[in-house]
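This report is for a reader meeting the structure for the first time. It takes up annotated positions, then the contacts inside one chain, and then those between chains.

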Amino acid sequence: MKTLIKNGTIINADGRINANVVIEGETIVEITTEEVQADVVIDATGMLVMPGLIDMHVHFRDPGQEYKDDVISGSETAVAGGVTTCLPMANTTPINDNASITRAMIAKAKERGLIDLLPIGAVTQGFKGDRIVEMGDMIEAGAVAFSDDGLPVSSSTVMRAALEYSRGFNSFVISHSEDCSLCRHGVMNEGPTSTILGLKGMPSEKEEIAVARDMLLAKLTKGHIHIAHVSSAWSLKLIELARKEGVSITCEVAPHHFSFSDEHLLTYDTYFKMSPPLRSKCDVEAMKEGLRSGLVDVIATDHAPHHTDEKFVEFDKAPFGILGLQTLVPLTLALVKEGVITLERMVELTSANPAKILHLDNKGKIAKGMLADIAIIDPEMTYVYDEKLNKSKSKNSPLLNQTLTGAAVKTLKSGRVVFDFPNCL
Amino acid sequence: MAYRHKDLLGLRELSKEEILFFLSSAQAFKDLNNSEVKKTRSLHGKTVINAFFENSTRTRVSFETGAKRLGADAINFSASQSSAQKGETLLDTIHNMEAMKTDIFVLRHPNSGAAQFVAQHSDACIVNAGDGLHEHPTQALLDLMTIQEHKGRLEGLTVVIIGDIFHSRVARSNIWAMKTLGMTVKLFGPPTMMPAHVDVFGCHVCKTMEEAIEGSDVIMMLRIQLERQDGSTPFPSTREYSKFFGLSSTRIKLANPNPIVLHPGPINRGVEINSDVVENPEVSVILNQVENGVAIRMAVLDILNRNRNS
Ligand SMILES: [Zn+2]
């Protein structure tokens with residue numbers, strides 16, 4: 001079957017072009033300015049044709065907490081956000097610390113067939129922090145990287161072993177950077193707002209100390225460390241230093257950390273409660289600068305569904321985390337509109353760089369021979385992100401029922417249309 | 001100008017007029033409390049539930065006394081005997097009690113923001129009787145009433161608050177109100193007991209006990225809440241604490257003429273404050289605070305009840 005996407009503006013990390021995309025089967029076979037005969041024709045006039053987004057950090061709660069989201073609803077949420085590849089974290093129940101769970105997750109995603117699911121395995125068995133998992137076995141099963149996300153690997157010796165061992169498999173470790181011994185029971189950023197609210201704070205140093213340790217361990221081992229959800233200005237300074245010194249280090253920033261500051265918490269709204277927490281306005285500016293300058297490699301959502309009942313409690317008792325997959329495109333496009341980044345840089349952050357980091361040679365670019373994972377994005381459409389549009393089983397987004405601008409209106413996975421924005425195209 | 005809101009959650013958002021309105025209303029109730037028949041009927045037929053999710057006998061008794069003198073049916077609910085321990089959510093507990101046609105909840109809760117959370121989802125009036133490390137508005141109002149009585153004014157006075165500012169919702173409520181009322185507030189305590197971003201209060205932070213006391217009209221001592229220190233060590237020993245941060249008769253001499261000393265109680269004698277200060281009727285107004293507490297709580301209940309009915 002032949003599909004033609006015509007009249008769109010193709011955005012790649014290295015430039016843009018007004019041209020048509022011809023797809024045969026799963027693959028892009030031609031980029032052309034000619035009109036080509038096809039079985040399916042998609043008119044993308046006024047639209048941006050981008051490589052399918054790759055979200056390196058999601059929580060699908062499957063297995064174990066399927067009432068929040070599962071691989072199926074997670075996949076549906078992803079493609080509704082233009083995301084065609086997801087890396088679910090290992091903090092499932094049971095924990096994804098062995099090949100059979102990895103295989104089961106992948107199989108479930110394949111059955112629905114909306115996205116490529118590339119599981120992140122645990123670093124340590126049972127998240128206990130001592131023995132590293134069977135990385136080789138898990139990579140064979142389809143795992144792509146390793147993280148105890150949600151918990152830091154507190155032992156430096158164990159982290160060293162994980163970096164050394166994963167290097168041998170051409171894989172890497174994702175650091176959830178937190179020094180938990182610094183300020184326990186913190187529920188938000190430590191700052192003027194936490195002082196006013198009387199909520200226990202998490203100073204940004206709690207993150208920075210752990211970033212510093214892990215970059216030093218990457219230096220020691222020559223392994224690759226990827227710093228998850230960077231939230232503080234000093235973390236970025238440290239990463240910049242490490243990179244200048246040749247350490248193999250990459251990092252990601254979540255949309256909420258470049259969109260909101262801790263002042264949003266003044267009403268004790270638990271939908272703004274996340275870890276790492278929303279930081280100061282200065283930190284938000286630093287994230288934007290990192291995104292602009294090229295220091296930040298990846299935008300990843302840390303999509304963390306929670307049930308309404310769990311969030312509808314006293315602030316201290318609410319779990320950390322918010323939805324992210326369906327707000328990734330509008331929040332990132334807001335940066336483009338603000339002039340912080342270009343559309344090309346947006347593609348680099350959301351697709352090209354993740355593909356590079358993950359060694360996915362057939363993704364991250366709209367070009368001949370690449371897999372036809374494509375997000376067709378309307379940058380100007382305004383709409384209310386309401387419960388009808390929300391595909392997650394959870395509703396914990398502070399943006400729910402807000403008017404947003406910009407969305408994926410059609411998502412193609414391996415050449416097949418897997419999402420169509422209601423009442424569009 | 002009267003106070004027009006459904007709830008009393010904190011003093012940070014209150015205007016000068018609103019704070020003074022509470023203080024002047026309380027004066028009438030104080031007169032009543034000093035008369036032969038300490039009772040009115042302004043809350044007759046109303047139900048006030050003291051919902052205490054954290055222990056505090058003195059605050060509860062003060063509210064209970066106030067509610068009963070206003071003619072309300074005052075019911076005490078404490079978490080130790082509650083369904084909260086069986087896993088019921090705070091809001092379900094409150095909604096259950098609301099279904100029993102409660103008019104006013106007096107809420108004491110260990111989590112900051114709990115009073116606001118309940119107020120947003122309940123039709124009853126909520127009085128914040130202390131939420132986490134956030135606010136304790138009636139305690140601050142009774143402090144202000146006591147200061148006003150003894151000094152004859154509030155504006156222009158210099159107050160120093162000494163001790164564990166970080167854990168003190170009493171300090172927070174007082175700081176906001178005192179700044180609104182045109183008072184100068186100084187803070188002192190070990191740096192480990194200061195909030196990391198204390199400058200948000202706009203108060204001078206003193207370096208020594210001497211600097212703290214000097215030039216102060218009012219000395220407000222906070223209780224060392226040893227039970228709240230969750231593992232960290234804000235000071236090495238109570239011996240050292242009393243030496244560098246405790247209030248003694250000698251130190252009081254550095255203050256402005258006729259200083260007064262407040263303490264929210266219960267007192268750790270010999271730690272944050274010496275007995276010779278507590279027992280000195282010239283300076284200690286601690287029992288006046290307790291007396292005024294009932295009057296303030298009556299004023300608050302009465303005003304919220306009027307707002308509810310109007
Ligand atoms: Zn994490």
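In an unreviewed entry, UniProt lists B:Lys86, B:Arg169 and B:Arg223 under "binding site". These positions span 138 residues in sequence and their farthest two C-alpha atoms are 31.7 Å apart, so they do not all gather at one spot. The coordinates behind these values are those of a predicted model.

One of the listed residues, B:Arg169, lies in helix α6 of chain B. B:Arg169 also forms a salt bridge with B:Glu54, with the closest N and O atoms 2.7 Å apart. Side chains of opposite charge can pair in this way when their charged atoms come close.

**Two domains in chain B**

The domain assignment divides chain B into domain 1, made of residues 16-134 + 291-309, and domain 2, residues 137-289. Taken over C-alpha atoms, the centres of domain 1 of chain B and domain 2 of chain B are separated by 26 Å.

Where the two domains of chain B meet, 27 residues of domain 1 are in contact with 26 residues of domain 2. The rule finds three salt bridges across this interface, and the count of residue pairs in polar contact, both at pLDDT 80 or more, is 14. On the side of domain 1 of chain B that touches domain 2 of chain B, at least two residues each come from α1 (16-33), α2 (57-69), β3 (104-109), β4 (125-131) and α11 (286-309) of chain B. The largest share of that side is supplied by α1(B), with eight residues. By class, this side of domain 1 of chain B has 11 nonpolar, eight polar and eight charged residues.

**Chain B against chain A**

| Interface | Buried area | Share on carbon and sulfur atoms |
|---|---|---|
| Domain 1 of chain B and domain 2 of chain B | about 2,100 Å² | 59% |
| Chain B and chain A | about 1,800 Å² | 60% |

**Chain A and the whole structure**

For chain A, UniProt lists residues 337-419 as "domain: Amidohydrolase", again in an unreviewed entry. Over residues 337-419 of chain A, the chain is 20% helix and 31% strand. The end C-alpha atoms of this stretch of chain A are 25 Å apart.

A search of the whole structure finds 36 salt bridges over all chains. Among them is the pair A:Lys206 and A:Glu178, whose side chains meet at 3.1 Å, N to O. A:Lys206 lies in helix α6 (residues 205-221) of chain A and A:Glu178 in the loop between β13 (173-175) and β14 (188-189) of chain A, so the pair ties together parts that are 28 residues apart in sequence.

Note on methods:
Residues are numbered from 1 along each chain as its sequence is written. Chains are lettered from A and ligands numbered from 1 in the order in which they are written. This is a predicted model: local features need pLDDT of at least 70, side-chain atom pairs count only at pLDDT 80 or more; totals for chains, interfaces and linings use all residues. Side-chain values use heavy atoms; hydrogens and water are left out. Buried area is the accessible area (1.4 Å probe) that two parts lose on being put together, summed over both. Domain bounds come from an automatic or database domain assignment. Contact means heavy atoms within 4.5 Å. A salt bridge is a side-chain nitrogen of Lys or Arg within 4 Å of a carboxyl oxygen of Asp or Glu. A polar contact is a pair of N or O atoms within 3.5 Å; within protein, one must be able to donate a hydrogen and the other to accept it, and residues adjacent in sequence count only if both atoms are side-chain atoms. Helices (H or I, at least four residues) and strands (E, at least two) are DSSP runs, numbered from the N terminus. Ala, Val, Leu, Ile, Met, Phe, Trp, Tyr, Cys and Pro count as nonpolar, Asp, Glu, Lys and Arg as charged, and the others, Gly among them, as polar. UniProt positions are given in the numbering used here, feature names are shortened, and annotations may be inferred rather than shown by experiment.
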